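Here is a protein chain with its model.

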Amino acid sequence: MQWTKDKPGTMSGASRGRYDVAIVGGGPAGLTAATYLARFRRSVVVLDAGNPRAALIPLSRNCPGFPEGIGGTALLRRLREQASAYGADIVETTVRFIDGQQDGFALSTDSGNVDASRVILATGLVDKVPAIDGLHEAIAAGSVGLCPVCDGYEAIARRVGVLGPAEDALKEALFLLTYSKDVVILANQPEKVGKSVRKQAAISGIAIWDMVADLSPGADGLDVTLSDGSKRQLDMLYPALGCDVRSELAAQIGADCDAQGFILVGPHLETSVPGIYAIGDVAQALNQIAVGFGHAALAATHIHNALRERDPLHNRSVPA
């Protein structure tokens, strides 16, 4: 039985929905999977807590098909419209618990309960960021970047800083030398920057600013204050502080995760729990929109093929 809609984007808490597939997470990966499944004529619901990582993207110029660039919010709107046009339900709610059943899974959400034969986890991750007043404005202005693979190209010939643990910061700084020869590691704990890091940085022409006391948005970029009161300036900053992986639901249902919390998956993006899939940033890979699109296509096609024999309408598989 389908849920009864109270208004667009909500469902009655007293009713219960039954779907072929429930997708947890409404970012690029989850919404793309919904489009694929809906076009396979599967009943599918996207359960979206409303805080996708992609929404922070001010303008992506490496998203396939958008040579002029596209902002994260605009991309998400297009993907929602596309999935909805083919019949996918998109519900703003938080999933609290997933329970395995004989014929599928039961998902408990803030808006009611859902039964699904298969579940796709597209819950993503949260970047750890420095404490900077006006951080979101700095991200929107391009003064702070969260992904050098995505937008390192925009750092060409600019003074770029990297903030994070010494080894991680060095690794990211070395990558950024592709775009700029003026790369700086910010160290607010100089005693934790080992001799090997300092040596490699010196050999590579990477400066290290010790005793960073404060970071704040400036007229053009970021102002850096050292503990001696001296001021310096960056055009752009990349945090290398790691991330928190949103894999709690996977761990709760018993899916295997690695030491960092990324969900372990097989070649079709299925987890160690049969019928549960993980796609996008929550499954360790290159954290890119294009990768999430690919994950979605692989998982959705595998799910459709696995379900086809029990439904006369789906008696033929999709070529893989």
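Q: What counts as a helix or a strand here?
A: Helices are DSSP runs of H or I with at least four residues, strands are E runs of at least two, and both are numbered from the N terminus. The model is a predicted one. In the protein there are 8 helices and 16 strands.

Q: Where is I279 found?
A: I279 lies in the loop between β16 (276-278) and α8 (289-307).

Q: Why is I279 called buried?
A: Buried means under 20% relative accessible area. I279 has a relative accessible area of 1%, so I279 is buried.

Q: What does I279 touch?
A: Leaving out residues up to four places away in sequence, I279 touches A29, G30, A33, I120, L121, A122, L269, H295, A296 and A299. A202 is 77 residues from I279 along the chain, and the C-alpha atoms of the two are separated by 39 Å.

Q: What makes α1 roughly parallel to α2?
A: The axes of helix α1 (residues 28-39) and helix α2 (residues 72-85) cross at roughly 20 degrees and come within 8 Å. Angles under 35 degrees count as roughly parallel, and therefore α1 is roughly parallel to α2. The crossing of these helices, α1 and α2, is left-handed.

Q: Which residues of α1 and α2 meet?
A: From α1 come P28, L31, T32, A34 and T35, and they meet L76, L79, R80, Q82 and A83 in α2. By class, the residues of this contact of α1 with α2 are 6 nonpolar, 3 polar and 1 charged.

Q: How do the axes of α1 and α8 cross?
A: The axes of α1 and α8 cross at roughly 35 degrees and come within 8 Å. The crossing of α1 and α8 is right-handed.

Q: Which residues make the contact of α1 with α8, and how do they divide by class?
A: P28, A29, T32, A33, Y36 and L37 in α1 meet I289, G292, F293, A296, A297, A300 and I303 in α8. These residues of the contact of α1 with α8 divide into 11 nonpolar, 2 polar and no charged.

Q: How many aromatic pairs does a search of the whole structure find?
A: The search finds 2 aromatic pairs.

Q: What makes Y36 and F40 an aromatic pair, and why is the pair called edge-to-face?
A: Rings pair if their centres lie within 6.5 Å, and planes over 60 degrees apart count as edge-to-face. For Y36 and F40 the values are 6.4 Å centre to centre and 75 degrees between the planes, and the pair is edge-to-face.

Q: Are Y36 and F40 buried or partly exposed?
A: Y36 has 35% relative accessibility and so counts as partly exposed. F40 has a relative accessible area of 17%, so F40 is buried.

Q: How do you know that the pair of F175 and Y179 is edge-to-face?
A: The ring centres of F175 and Y179 are 6.0 Å apart and the planes are at 65 degrees, so this pair is edge-to-face. F175 counts as partly exposed because its relative accessibility is 33%.

Q: What makes α5 roughly parallel to α6?
A: The axes of helix α5 (residues 166-176) and helix α6 (residues 195-204) come within 10 Å and cross at roughly 15 degrees. The limit for roughly parallel is under 35 degrees, and so α5 is roughly parallel to α6. The crossing of α5 and α6 is left-handed.

Q: Which residues make the contact of α5 with α6?
A: A166, E167, L170 and L174 of α5 and S196, V197, Q200, A201 and S204 of α6 make the contact. By class, the contact of α5 with α6 has 5 nonpolar, 3 polar and 1 charged residues.

Q: Which residues of α5 are buried, and what do they pack against?
A: In α5 the buried residues are A166, A169, L170, E172, A173 and L176. The buried residues of α5 pack against α4 (148-151), β8 (160-163), β9 (183-187), α6 and β14 (236-239).

Q: Why is V162 called buried?
A: V162, in strand β8, has a relative accessible area of 0%, so V162 is buried. Among the residues V162 touches are A169, E172, A173 and L176.

Conventions: Residues are numbered from 1 along each chain as its sequence is written. This is a predicted model: local features need pLDDT of at least 70, side-chain atom pairs count only at pLDDT 80 or more; totals for chains, interfaces and linings use all residues. Side-chain values use heavy atoms; hydrogens and water are left out. Axes are lines fitted to C-alpha atoms, for helices over the stretch in contact, and angles run from 0 to 180 degrees between N-to-C directions. Angles under 35 degrees count as roughly parallel, over 145 as roughly antiparallel, 65 to 115 as roughly perpendicular and the rest as oblique. A crossing is left-handed if the near helix is turned anticlockwise from the far one by less than a right angle, and right-handed if clockwise. Contact means heavy atoms within 4.5 Å. Ala, Val, Leu, Ile, Met, Phe, Trp, Tyr, Cys and Pro count as nonpolar, Asp, Glu, Lys and Arg as charged, and the others, Gly among them, as polar. Rings of Phe, Tyr and Trp (its six-membered ring) pair if their centres lie within 6.5 Å; planes under 30 degrees apart count as stacked, over 60 as edge-to-face and the rest as tilted. Buried means under 20% relative accessible area, exposed over 50%, partly exposed in between (1.4 Å probe, protein chains only).
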